[in-house]
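Q: I'm new to this one. Can you walk me through it, starting with how the helices pack?

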Amino acid sequence: TLKTIKFCSQHKIPLVIGTTGLGGHSDLIALAAKHFPIVMAPNMSIGVNLCFKLVEMAAEILGTEFDVEIIEAHHRNKIDAPSGTAIRMGEIVASKLGKRLSDCAVYGREGRIGERVPGTIGFETIRAGDIVGEHTVLFAGEGERLEITHRASDRAAFASGAMLAAQWLVDRHQGLYDMQDVLGLR
């Protein structure tokens, strides 16, 4: 990805980035986006990006009255956990609650953990079989719960979103965009 960013920068070629785990290179990406347009998102699926918006709306409306858990599942060969998509969902919720995810995330639970700490965002990870990708954000309150779920059964869903992003980039000026921009959800 970093070699591709350099090449596109030299030739002013618009770029779609769906790679996660580039946090240490965010300055390089932001600098490159000053010279040519980039769409960068942790997940290119149109459905997942709509879920991001729905999660944002739910967190804003439900606030701290509801506990939040994020459950994600992927194939047995995925090497990172939680997924970039799950992290982004957590960042969205934390932001709407006026927090930083790093200050309120709880990753997995085991043993005698005591009562849930209010305002935390829990993460659970499943790695099994050939699961393409599943993400659920659970908002649990007194007497009710809301679950926002996306299930990908075919990797073509990611390719379709990436193609849409590439087509959208053709007429854009330099800048760093994401799928929320591409889908008109901002």
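**Helices, sheets and salt bridges**

A: The axes of α3 and α4 come within 8 Å of each other, and they cross at roughly 25°. Keep in mind that this is a predicted model.

Q: Is α3 roughly parallel or roughly antiparallel to α4?
A: Roughly parallel, because an angle under 35 degrees counts that way.

Q: Left-handed or right-handed crossing of α3 and α4?
A: The crossing of these two helices, α3 and α4, is right-handed.

Q: Which residues of α3 and α4 meet?
A: On the α3 side they are V48, C51, F52, V55, E56, A59 and E60. On the α4 side they are T85, R88, M89, I92, V93 and K96.

Q: What do the side chains of K96 and E56 form?
A: A salt bridge, at 3.6 Å from N to O. K96 lies in helix α4 (residues 84-96) and E56 in helix α3 (residues 46-62), so the pair ties together parts that are 40 residues apart in sequence.

Q: How exposed are K96 and E56?
A: K96 is partly exposed, at 33% relative accessible area. E56 is partly exposed too, with 23%.

Q: New topic: sheets. In what order do the strands of the 5-strand sheet run?
A: The order is β4-β5-β3-β6-β7. The sheet is open, and its pairing is mixed.

Q: Which strands are at the edge there?
A: β4 and β7 are the edge strands, and each pairs on one side only. Neighbouring strands of this sheet are turned by 15° against each other on average, ignoring direction.

Q: Where do α3 and α4 touch the sheet?
A: α3 packs on the sheet and touches β6 and β7. Its direction makes about 165° with that of β7. α4 packs on the sheet as well, touching β3, β4, β5 and β6. The direction of α4 makes about 170° with that of β5.

Q: Let's look at β3. How many of its 8 residues are buried?
A: 6 of the 8 are buried, so β3 is largely enclosed by the rest of the structure.

Q: How do β3 and β6 pair, parallel or antiparallel?
A: Antiparallel, over 7 bridges, with β6 covering residues 133-141. D67 stands opposite A140 in β6.

Q: And β3 with β5, parallel or antiparallel?
A: Parallel, and 7 bridges join them. I70 has F123 in β5 as its bridge partner. For E72, the bridge partner in β5 is T125.

Q: What holds strands together in general?
A: Strands of a sheet pair through backbone hydrogen bonds.

Q: Back to salt bridges. How many are there?
A: The count comes to 15 salt bridges.

Q: Which residues are linked in a network?
A: D67, E69, R109, R116 and E124 are linked in a network of salt bridges. Within it, the side chains of E69 and R109 meet at 2.9 Å, N to O.

Q: Where do E69 and R109 lie?
A: E69 is in strand β3 (residues 67-74). R109 is in the loop between β4 (105-107) and β5 (121-127). The pair therefore ties together parts that are 40 residues apart in sequence.

Q: Buried or exposed, E69?
A: E69 is buried, with a relative accessible area of 12%. R109 is partly exposed, at 33%.

Q: What about R145, which residue does it form a salt bridge with?
A: R145 forms one with E147, and the closest N and O atoms are 2.9 Å apart. R145 is exposed, at 61% relative accessible area. E147 counts as partly exposed, at 44%.

Q: Where is E144?
A: E144 is in strand β7 (residues 144-152). It is exposed, at 51% relative accessibility.

Q: What is E144 in contact with, leaving aside its neighbours within four places in sequence?
A: E144 is in contact with F66 and F139.

Q: Last one. In what order do the 3 strands of the other open sheet run?
A: The order is β1-β2-β8, and the pairing is parallel. β1 (15-17) and β8 (175-177) stand at the edges, each with a single partner strand, so one side of each is left without a neighbour in the sheet. The twist averages 20° from one strand to the next.

Q: How many bridges pair β2 and β8?
A: β2 (residues 37-40) pairs with β8 over 3 bridges, in the parallel sense. I38 has L176 in β8 as its bridge partner.

Note on methods:
Residues are numbered from 1 along each chain as its sequence is written. This is a predicted model: local features need pLDDT of at least 70, side-chain atom pairs count only at pLDDT 80 or more; totals for chains, interfaces and linings use all residues. Side-chain values use heavy atoms; hydrogens and water are left out. A salt bridge is a side-chain nitrogen of Lys or Arg within 4 Å of a carboxyl oxygen of Asp or Glu. Helices (H or I, at least four residues) and strands (E, at least two) are DSSP runs, numbered from the N terminus. Buried means under 20% relative accessible area, exposed over 50%, partly exposed in between (1.4 Å probe, protein chains only). Two strands pair if DSSP finds at least two bridges between them. Axes are lines fitted to C-alpha atoms, for helices over the stretch in contact, and angles run from 0 to 180 degrees between N-to-C directions. Angles under 35 degrees count as roughly parallel, over 145 as roughly antiparallel, 65 to 115 as roughly perpendicular and the rest as oblique. A crossing is left-handed if the near helix is turned anticlockwise from the far one by less than a right angle, and right-handed if clockwise. Contact means heavy atoms within 4.5 Å.
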